[in-house]
Amino acid sequence: MDLANRFSQLSTLIERLEAQVPCPPPDPTPSRPRTESPSHQQHAPATLSGNNEPRKIPQHLQARIRATIRRCPGISSPSQLFDEIRHQVENGVFQHLEILHAVNICLKLIRENRWTTPWDYAQKQVA
């Protein structure tokens, strides 16, 4: 049996199977083009309970932050550093992220010695 004959038989078989199985109707809602990635969209500040209560870091994450600060050498003021992180997660640039994600980013910056005092936190301390 040559290849062209086999191809013809398979095409006929596929057409018969397609006739037996109904096709689903087309989706009435067209997909809209994506303009920007979700990580760059502006979100309302995420709250812990999903309502308008102030955003707070849970106790177990606070303990994890303090433990990471203690393990890092050369930190002169651990309590101030903890306050800076809490400020950034609750009210600062990380407030649009999930709390766990924001805390993980802050801890990574500390471990890599790239954390700097946030500008708005420094202004709050001066005032």
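Biologist: What should I know before I start clicking around?

Modeller: It's a predicted model, where local features need pLDDT of at least 70, side-chain atom pairs count only at pLDDT 80 or more, and totals for chains, interfaces and linings use all residues. Residues are numbered from 1 along each chain as its sequence is written, and side-chain values use heavy atoms, with hydrogens and water left out.

Biologist: OK, at what angle do α3 and α4 pack?

Modeller: About 140°, with the axes 10 Å apart; α3 is residues 78-90 and α4 is residues 99-111. Helices here are DSSP runs (H or I, at least four residues), numbered from the N terminus. Axes are lines fitted to C-alpha atoms over the stretch in contact, and angles run from 0 to 180 degrees between N-to-C directions.

Biologist: What do you call that arrangement of α3 and α4?

Modeller: Oblique. Under 35 degrees counts as roughly parallel, over 145 as roughly antiparallel, 65 to 115 as roughly perpendicular, and the rest as oblique.

Biologist: Which residues make the contact there?

Modeller: Leu81, Ile85 and Val89 from α3, and Ile99, Ala102, Val103, Cys106 and Ile110 from α4. Contact means heavy atoms within 4.5 Å. By class that's 8 nonpolar, no polar and no charged residues. Nonpolar takes in Ala, Val, Leu, Ile, Met, Phe, Trp, Tyr, Cys and Pro; Asp, Glu, Lys and Arg are charged, and the others, Gly among them, are polar.

Biologist: And how do α2 and α4 sit, parallel or antiparallel?

Modeller: Roughly parallel. α2 (residues 59-71) packs on α4 at about 5°, with the axes 10 Å apart. That contact has 8 nonpolar, 2 polar and 2 charged residues.

Biologist: Switching topic: how many residues are in the largest nonpolar core?

Modeller: 19, and those with the most contacts inside it include Ile65, Ile85 and Trp115. A nonpolar core is a set of buried Ala, Val, Leu, Ile, Met, Phe, Trp, Tyr and Cys residues joined through side-chain atoms within 4.5 Å. The largest share, 7 residues, comes from α4.

Biologist: What does Ile85 contact?

Modeller: Ile65, Ile69, Cys106, Ile110 and Trp115, leaving aside neighbours within four places in sequence.

Biologist: Last one: is Gln88 buried or exposed?

Modeller: Buried, with a relative accessible area of 6%. Buried means under 20%, exposed over 50%, partly exposed in between (1.4 Å probe, protein chains only). Gln88 lies in α3 and touches Val93, Phe94, Gln95, Trp115, Pro118 and Asp120, not counting residues up to four places away in sequence.

Definitions and conventions
Helix = DSSP H or I, 4+ residues; strand = E, 2+ residues; numbered from the N terminus.
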